[in-house]
Amino acid sequence: VGFQFQGTKAILKVVEKTKPEMMEPLSPRNLIAKKKAVVHDLFVEQGEPKVKPNQYVRPGDILVSGVIGTEEHQRIVPAKGRVLGEVWYESNISVPLVRTKNIFTGETKDEYYVHIGNLPIKVWGFEKPEFDQYEREDKLVKAEIKNWTLPFAWNKVTLKATEEIKTSLTEQEAAELALEMSRKALLRNLEPDAEIKEENVLRKRVEHGKVYMKIHYTVIEDIAKEQLIWQGE
């Protein structure tokens, strides 16, 4: 509320107060390991740490306990924090030394269809395209009246000519590409804040026109997950 005088007038200004969002109370819980790892570091906000850096843990081991205090004065709280661990992964990947891909040549051909229900009827573009390889692009426009969709549609089909080209890679180029592909595949399956600490090629061989590689990774990631503490059990 704001209050001020302007001459003989008293001006009162009222602004709605925005209340902070209420946090839902957390249930009593432990933080336990969700995978095999060596503890790298701990950041505990609440609870009693049960592990130390460089300690090996298995799935289900308690990392941070929600039971705090002495036996005479125990309290059960929701354990909060992060436990970073070193986790190990292996990847097997192969990359061909000759790669084939399609590129667009720039040639196109348009065809037009009227759809009645599920039946497409060509109304334009009957001539056969002058190219054999192509990709098809559909632009379907449905007939609508207000909120009603009618059983009719107009479809413009564009055939884009493609050409197959082959590129050759050296063994070194194929190995570098395999490392890049393997690293991206691993990161897609990790939490966004996970970090690859080490990357080691365990085995590499060339066979049947491909480079085969086995790669070992050491990853730093959060290994903690919640485990509810059921009181009274």
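Is E137 buried, partly exposed or exposed? I began my notebook on this predicted model with that residue, and I found that E137 is partly exposed, with a relative accessible area of 31%.

**Entry on E137 and K160.** I looked next for a charged partner and found that E137 forms a salt bridge with K160, in which the closest N and O atoms are 3.2 Å apart. This pair links distant parts of the chain, since E137 sits in strand β13 (residues 134–145) and K160 in strand β14, 23 residues apart. I noted that K160 is partly exposed, its relative accessible area being 26%.

**Entry on T158.** I stayed in strand β14 (residues 148–168), where T158 has its place, and I counted T158 as buried because its relative accessibility is 10%, under the 20% cut-off. Its side chain makes a polar contact of 3.1 Å with the side chain of D110.

**Entry on other salt bridges.** My search of the whole structure gave 16 salt bridges. One that I looked up joins K204 and E171, with the closest N and O atoms 3.8 Å apart; because K204 lies in strand β15 and E171 in helix α1, the pair ties together parts that are 33 residues apart in sequence. K204 is partly exposed at 40%, and E171 is likewise partly exposed at 40%. I also recorded that R82, D193 and D222 are linked in a network of salt bridges.

**Entry on helix α1.** I then followed α1, which has 18 residues and reaches 26 Å from its first C-alpha to its last, close to the 26 Å expected at 1.5 Å a residue. I found A174, A175, L177, A178, L179, S182 and L186 buried in this helix, and the buried residues of α1 pack against β10, β11 (98–116), β15 (195–207) and β16.

**Entry on the nonpolar cores.** Which residues touch the most other members of the largest nonpolar core? I found M213, I215 and V219, in a core of 16 residues. At least two residues of this core come from each of β10 (80–96), α1 (171–188) and β16 (210–222), and α1 gives the largest share, six residues. Apart from this core lies another, of 14 residues, among them L31, V83, V87 and I223. Returning to I215, I noted that, beyond its neighbours within four places in sequence, its contacts include Y89, I93, L179 and V201.

Definitions and conventions. Residues are numbered from 1 along each chain as its sequence is written. This is a predicted model: local features need pLDDT of at least 70, side-chain atom pairs count only at pLDDT 80 or more; totals for chains, interfaces and linings use all residues. Side-chain values use heavy atoms; hydrogens and water are left out. A nonpolar core is a set of buried Ala, Val, Leu, Ile, Met, Phe, Trp, Tyr and Cys residues joined through side-chain atoms within 4.5 Å. Buried means under 20% relative accessible area, exposed over 50%, partly exposed in between (1.4 Å probe, protein chains only). Helices (H or I, at least four residues) and strands (E, at least two) are DSSP runs, numbered from the N terminus. Contact means heavy atoms within 4.5 Å. A polar contact is a pair of N or O atoms within 3.5 Å; within protein, one must be able to donate a hydrogen and the other to accept it, and residues adjacent in sequence count only if both atoms are side-chain atoms. The expected span of a helix is 1.5 Å times one less than its number of residues. A salt bridge is a side-chain nitrogen of Lys or Arg within 4 Å of a carboxyl oxygen of Asp or Glu.
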